[in-house]
Amino acid sequence: MGNPSIEAAIKLEKTRTDRKLKELNRKSNNENPIIRVFNSLARDSLVREKERLEKAEEAFKALDLNKLKSCFGFDTFYATDVRRFGDGGIFIGNLRKPIDEVSPKLEAKLSEAAGRDVVVWFMEEKSDEITKQVCMVQPKAEIDLEFESTRLSTPWGYITAISFSLFGGFLSILGVSEIATRVTAARHGVKLSPSFLVPSNWTGCLGVMNNYESLLPNKKALFDIPVARTASAYLTSLLLAAAAFISDGSFNGGENALYIRPQFLDNNPLLSFIQFVVGPYADDLGNVLPNAVEGVGVPVDPLAFAGLLGMVVTSLNLLPCGRLEGGRIAQAMFGRSTAAILSFTTSLLLGIGGLSGSVLCLAWGLFATFFRGGEETPAKDEITPLGDDRFAWGLVLGLICFLTLFPNSGGTFSTSFFNGPFFRGDGL
């Protein structure tokens with residue numbers, strides 16, 4: 001994937017705004033006076049948006065690397081090569097004097113040549129076991145904008161950090177699932193231990209666990225309690241994503257968009273099927289996924305992304321292994337002997353995935369096997385069957401878990417209609 005470019009994103013938004021204005025102009029002859037009023041209001045809003053984008057485009061215009069290259073020399077940093085990076089560039093070469101002498105002098109010359117303030121970094125870059133010195137140049141306005149968007153020194157900054165981050169989304173999912181679990185356990189007369197979080201540097205948390213501190217009355221209790229946690233987590237994840245799309249009024253993340261690599265949406269059958277239904281259409285930059293920005297990523301609302309990750313985390317807990325929620329459901333549905341076979345198979349597959357390079361498979365496999373391994377204490381009544389309804393719900397949850405976690409690096413459908421998401425230049 002290319003390097004982030006604000007200019008590319010602004011140009012794409014301008015193109016979309018122009019297209020919407022043209023569509024409204026074609027509809028301006030509508031005889032319905034109410035529709036004409038709404039079209040007029042929408043047109044005024046789009047005109048203001050276009051003016052704002054034009055000002056932003058002027059402020060975040062990419063630097064002219066040919067002009068900047070003339071600023072480098074034998075008395076500062078001797079540049080032998082240059083490549084585009086974002087709206088600035090990376091100059092490859094070598095320092096001729098100490099950085100504390102070169103930096104202010106070179107920064108002043110570059111700012112004068114660019115016609116606006118720039119910021120420089122001096123770093124080392126390793127390529128083919130050869131270490132080279134590089135000087136990276138970026139417009140100062142973009143750096144200031146980045147700091148402004150992540151500032152937490154104001155009350156609004158803290159509200160934004162909590163409300164529009166993955167933490168806020170995960171907290172909602174965990175809270176709802178915990179309440180559903182405890183209500184269901186109380187209904188069956190089962191005492192639960194205090195909850196504990198499974199920490200993760202990937203999402204911050206990989207779910208909430210409980211132990212049973214009293215005997216289960218029957219297999220229905222063994223089934224209902226884990227189903228309450230996982231089903232409520234799935235439903236909350238889906239509602240978070242839907243609420244985010246509705247509040248933004250679009251699928252492109254609105255003003256709080258989080259850009260992710262498009263390859264994330266090609267990892268498993270469920271997400272691949274979503275793309276298959278939507279269709280591999282391209283935007284003005286040639287990106288297959290809607291609203292993708294070349295060099296930036298696919299814009300997704302943070303809460304919607306939290307919902308998506310919430311489904312993945314819930315599916316991990318639904319794996320039929322040990323005393324994970326999926327292991328408990330398997331024990332209630334199929335009995336102890338079959339659940340033990342499923343648990344061993346799941347641990348084996350997670351181990352293979354870990355040895356193949358998946359850190360998540362390795363970490364979750366170790367946790368599930370050694371910290372949540374074994375069987376639950378037998379229920380007082382393990383003879384009375386679950387019933388067809390519960391068995392059907394168990395199969396549905398198992399199918400969702402499979403579709404969410406099953407690796408799908410080759411794509412779900414081997415047809416010319418389905419194409420994996422990409423950016424032009426990905427393979428370069």
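Buried means under 20% relative accessible area, exposed over 50%, and partly exposed in between, with a 1.4 Å probe and protein chains only. The model is predicted: local features need pLDDT of at least 70, side-chain atom pairs count only at pLDDT 80 or more, and totals for chains, interfaces and linings use all residues. Residues are numbered from 1 along each chain as its sequence is written, and side-chain values use heavy atoms, with hydrogens and water left out.

**Exercise 1. Classify Phe371 and Phe367 by accessibility, then describe their ring pair.**

Step 1. Phe371 has a relative accessible area of 60%, so Phe371 is exposed. Phe367 is at 15% relative accessibility and therefore counts as buried.

Step 2. Both residues lie in helix α13, four residues apart, about one turn of the helix. Helices here are DSSP runs of H or I with at least four residues, strands are runs of E with at least two, and both are numbered from the N terminus. An α-helix has 3.6 residues a turn, so residues three or four places apart point the same way.

Step 3. Rings of Phe, Tyr and Trp (its six-membered ring) pair if their centres lie within 6.5 Å; planes under 30 degrees apart count as stacked, over 60 as edge-to-face and the rest as tilted. The ring centres of Phe367 and Phe371 are 6.0 Å apart with planes at 20°, so this pair is stacked.

**Exercise 2. State how many aromatic pairs there are and work through Phe74 and Tyr78.**

Step 1. The count comes to seven aromatic pairs.

Step 2. Between Phe74 and Tyr78 the centres are 4.6 Å apart and the planes are at 20°, so the pair is stacked.

Step 3. Phe74 counts as exposed because its relative accessibility is 58%. Tyr78, at 30%, therefore counts as partly exposed.

Step 4. One aromatic cluster is formed by Phe72, Phe77, Phe91 and Phe122.

**Exercise 3. Describe the packing of α11 and α12.**

Step 1. Helix α11 covers residues 325-334 and helix α12 residues 336-355; they pack at an angle of about 145°, with their axes 7 Å apart. Axes are lines fitted to C-alpha atoms, for helices over the stretch in contact, and angles run from 0 to 180 degrees between N-to-C directions.

Step 2. From α11 the contact (heavy atoms within 4.5 Å) takes Ala330, Gln331 and Phe334, and from α12 Arg336, Thr338, Ala339 and Leu342.

Step 3. For α11, nine of its ten residues are buried, including Ile329, Ala330 and Met333. Just after α11, Gly335 takes a positive phi of about 95°.

**Exercise 4. Identify the largest nonpolar core and the surroundings of Trp364.**

Step 1. A nonpolar core is a set of buried Ala, Val, Leu, Ile, Met, Phe, Trp, Tyr and Cys residues joined through side-chain atoms within 4.5 Å. The largest has 41 residues, and Leu216, Leu324 and Trp364 have the most contacts inside it.

Step 2. Among the elements that give two or more residues to this core are α7 (166-187), β6 (204-209) and α8 (219-248).

Step 3. Not counting residues up to four places away in sequence, Trp364 touches Val198, Leu206, Met209, Leu316, Asn317, Leu319, Leu324 and Leu350.
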